[in-house]
Amino acid sequence: MASYWFQPETISFEIGGREMTIETGRLAKQAAGAALVTYGETIVLVAATHSDPRPGIDFFPLVVDFVEKTSAAGKIPGGFFKREGRLSDREVLVSRFIDRSIRPLFADGYNDETQIVATVLSADGENTPDIPAFVGASAALTISEIPFLGPIGAVRVGRADGALVINPTPEQLEESDLDLVVAGSRGAVVMVEGGAREVTEPDMLAALKRAHEELQKTIDAQEALREKVGVPKIEVAPPRDLSDLSTQVRAKAEAKLAEAVRIRDKGERYKALSEIDKEVVDAFVTSFRDEPAELGTLAAIEERQAGLRALKDGVKQVLRDLRSELMRARILDAGERIDGRGLADIRPIACEVRPVPRPHGVAVFTRGETQAMVFTTLGGTSDQQTIDALTSRTNKRFYLHYNFPPFSVGEARMMRGPGRREVGHGMLAERAISAVLPSVEDFPYTIRIVSETLESNGSSSMATVCGGTLSLMDAGVPLRAPVAGIAMGLIQEGDRTAVLSDILGDEDHLGDMDFKVTGTPEGITALQMDIKIRSVDWAVMEKALEQARQGRLHILDCMEKETAGEFADFQPRAELSRYAPRVKVITIKPDRIRDVIGPGGKVIRAIQETTNTKLDVDDSGLVTIFSPDMDALERAQRMVEDLTQEAELERVYLGKVKRITDFGAFVEIFPGTDGLIHISHLAEGRVERVTDVVSEGDEVLAKCIEIDPTGRIRLSRKEALADAAPDAS
């Protein structure tokens with residue numbers, strides 16, 4: 001572990017109209033690299049560490065953790081346990097964003113255990129900590145001994161009134177129709193994540209270019225810091241020379257592999273490839289064991305076993321490389337993909353609406369060997385998800401949960417809570433659909449979507465978007481437009497490129513880009529991109545966006561045709577499911593809320609239990625009543641109105657005399673509301689005593705003749721009787 005500082009060093013620069021500072025050498029000095037990034041009064045400490053690799057692993061064990069400490073915002077964690085627990089969805093999403101950007105940029109052959117921990121130390125509510133965390137992660141790696149091939153930078157880009165804004169504040173994002181986080185190297189964009197409100201492809205490309213231009217400032221600062229405090233990188237051993245072994249493996253396996261990779265069915269293809277791998281590995285192992293060897297000592301035996309392990313690993317690596325080479329060559333040379341499709345072809349699509357009866361909305365979307373069953377459930381205001389964020393507390397009326405059970409890829413493994421992948425895919429689909437949801441005024445329901453991946457061979461998150469749209473339409477949610485999604489891929493060798501539409505799992509694994517685009521016929525609603533190579537040309541990016549648009553329109557057309565018997569003109573159902581709650585919204589005066597709630601909630605519970613409804617009351621006096629039964633809904637509405645109704649001038653009421661005084665009678669005109677009939681308004685002529693006209697408990701007609709500024713009500717029995725008398729004429 002190399003120490004790289006002798007005294008603190010600081011680099012400052014302007015970005016997004018505010019100063020960002022990167023400091024190192026003062027905090028976390030035992031890490032391989034550490035950076036303290038300040039943006040406004042938001043401060044994030046990022047530490048990068050590594051340790052010896054685990055023996056026998058053939059992958060890069062990188063872990064990124066973004067942690068928001070509530071103390072950074074002067075808060076104490078809510079709930080029973082007063083310390084931070086597992087990462088929130090927000091923290092997971094930022095961790096994934098950093099991980100996906102930096103993972104391809106470590107030296108080949110580097111397999112050390114590596115961890116990046118970004119801890120928010122101060123949060124001002126104006127400058128979100130995710131961008132400083134990203135810049136800090138790249139800076140910490142850049143100045144450390146870890147063989148990171150950066151630096152890279154990142155910015156957020158929004159758009160308000162047609163003008164692009166770099167690193168907008170949360171308030172600016174409220175007015176923005178674009179929210180993109182873009183990471184990039186000196187030469188290209190390497191990662192994109194974000195949402196939009198039906199932004200066109202040319203506008204999206206312009207935003208990406210502007211973001212890439214602006215993030216160069218963060219790269220410049222990191223390079224300046226590296227010049228001051230950077231240390232030499234760890235020397236990574238060159239990859240093992242497998243050229244001789246490769247020649248031998250190719251002789252045994254190339255023809256068989258070339259045939260196997262043409263098998264279109266995923267299960268059959270994987271079975272054939274597995275049999276070839278086993279056959280070739282077994283042949284080399286047998287040949288190795290047949291070789292004479294001196295095994296008289298323990299050291300000789302261990303050396304022999306190590307040689308056998310190295311042989312197996314080498315053969316497997318050559319087979320993997322050869323399989324990748326054959327698949328990529330077939331695409332680039334012949335324009336033919338693994339399953340026989342052309343580059344822009346979409347797999348066959350099937351849609352089924354309401355395959356099961358009780359959910360409020362449900363649909364099955366199948367594209368090739370990828371299938372998702374997506375459920376929509378409608379609820380009340382109390383079903384909203386409370387988000388206790390670092391600097392704010394908000395309620396979410398729409399949320400989407402994505403599940404990926406092991407049987408969807410033919411595996412058997414333990415099922416635990418949702419992992420980072422499930423959280424990330426769910427948020428991508430949620431972002432895609434949220435852009436077309438109706439406002440709370442037009443549709444006052446809480447909406448939950450749950451996507452169950454039943455089969456997966458490429459882009460189950462995009463199947464979730466398509467199935468989610470259909471399930472919302474089935475539930476009768478008045479969407480502004482249908483949304484579909486497509487995953488794009490890229491194969492690039494030198495100057496040759498092939499952009500692939502609707503990629504398979506193997507094309508994702510073996511390809512150079514995973515580019516997911518969702519949207520309506522009018523524009524893009526969400527975007528996510530990762531690349532595994534150093535750069536992608538802007539012309540290729542433009543082509544991928546246009547090819548994605550064509551694919552999206554094709555998928556929407558298929559969805560419309562497949563559901564023609566369910567939806568008229570591809571519009572949501574006019575009626576909700578009979579199992580979904582109906583809703584009535586009424587408004588009462590805020591000072592009457594207590595009358596509906598009652599002491600300790602006694603009154604509202606009684607209404608709900610009596611009518612079998614669900615009531616939500618907010619602080620503004622908005623009362624929302626939910627029930628699948630319209631009669632129950634109306635009964636509950638009448639009960640609330642009876643409790644909160646206000647007296648109206650000139651209106652005649654049939655009330656009950658509650659109390660008699662010398663100067664008049666107090667009459668209850670409706671529950672909880674009394675008015676005074678003065679003795680002079682009891683009857684025509686002079687009344688000597690109130691009891692000459694009325695007694696306690698009598699029902700009398702009374703007309704409201706005055707409501708004074710304090711809310712006191714004056715009534716008149718005399719005028720009510722006069723109004724009720726037949727016309728003398």
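Phe570 counts as buried, because its relative accessibility is 7%; buried means under 20% relative accessible area, exposed over 50% and partly exposed in between, with a 1.4 Å probe and protein chains only. The model is predicted: local features need pLDDT of at least 70, side-chain atom pairs count only at pLDDT 80 or more, and totals for chains, interfaces and linings use all residues. Residues are numbered from 1 along each chain as its sequence is written, and side-chain values use heavy atoms, with hydrogens and water left out.

**Backbone features**

- Phe570 has a positive phi of about 55° although it is not a glycine.
- The place of Phe570 is the loop between α11 (538-562) and β22 (582-587); helices (H or I, at least four residues) and strands (E, at least two) are DSSP runs, numbered from the N terminus.
- Glu198, likewise not a glycine, has a positive phi of about 55°.
- Strand β10 (residues 189-199) contains Glu198, which counts as buried at 19% relative accessibility.
- Gly150 and Pro151 are joined by a cis peptide bond with an omega of about 5°.
- Pro151 belongs to the loop between α2 (130-143) and β7.

**Aromatic pairs**

- The whole structure contains 10 aromatic pairs; rings of Phe, Tyr and Trp (its six-membered ring) pair if their centres lie within 6.5 Å, and planes under 30 degrees apart count as stacked, over 60 as edge-to-face and the rest as tilted.
- Phe60 and Tyr110 form a tilted pair, with 5.4 Å from centre to centre and 55° between the planes.
- Phe60 lies in the loop between β4 (42-51) and β5 (62-68) and Tyr110 in the loop between α1 (89-102) and β6 (113-122), so this pair ties together parts that are 50 residues apart in sequence.
- Phe60 is buried, with a relative accessible area of 14%, and Tyr110 is buried at 4% relative accessibility.
- A tilted pair is also formed by Phe443 and Tyr445, at 4.6 Å centre to centre and 40° between the planes.
- Phe443 counts as buried at 6% relative accessibility, and Tyr445 counts as buried at 4%.
- One aromatic cluster is made up of Phe60, Phe106, Tyr110 and Phe148.

**Salt bridges**

- There are 54 salt bridges in the structure, a salt bridge being a side-chain nitrogen of Lys or Arg within 4 Å of a carboxyl oxygen of Asp or Glu.
- Glu507 and Arg337 meet through their side chains in a salt bridge of 2.9 Å, N to O.
- This pair links distant parts of the chain, 170 residues apart: Glu507 is in helix α10 (residues 505-510), and Arg337 is in the loop between α7 (298-334) and β11 (349-353).
- Glu507 and Arg337 are both buried.
- Lys532 and Asp508 form a salt bridge between their side chains, at 3.9 Å from N to O.
- The two residues of this pair are 24 residues apart and link distant parts of the chain, with Lys532 in the loop between β21 (524-531) and α11 and Asp508 in helix α10.
- Lys532 is partly exposed at 39% relative accessibility, and Asp508 is partly exposed with a relative accessible area of 26%.
- In the salt bridge of Arg413 with Glu411, the closest N and O atoms are 3.4 Å apart.
- Arg413 is partly exposed at 42% relative accessibility, as is Glu411 with a relative accessible area of 44%.
- A network of salt bridges links Glu68, Arg90, Asp130, Arg156 and Asp179.

- Glu126, Asp161, Glu171, Glu174 and Glu175 gather on the surface in a patch of negative charge; patches are made of residues with over 30% relative accessible area and no salt bridge, like charges being joined within 9 Å.
- Asp161 sits in the loop between β7 (153-160) and β8 (163-166) and is exposed, with a relative accessible area of 84%.
- Ala237, in the loop between α4 (201-229) and α5 (243-260), counts as exposed at 56% relative accessibility.
- Ala237 and Asp108 are 129 residues apart in sequence, while their C-alpha atoms are 9.0 Å apart in space.

Note on methods: Patch = residues over 30% accessible without salt bridge, like charges linked within 9 Å, V, L, I, M, F, W, Y side chains within 5 Å. Areas by Shrake-Rupley, 256 points an atom, 1.4 Å probe, with all protein chains shown as cover. Lys, Arg positive; Asp, Glu negative; His and termini not counted. Charge placed at Lys NZ, Arg CZ, Asp CG, Glu CD.
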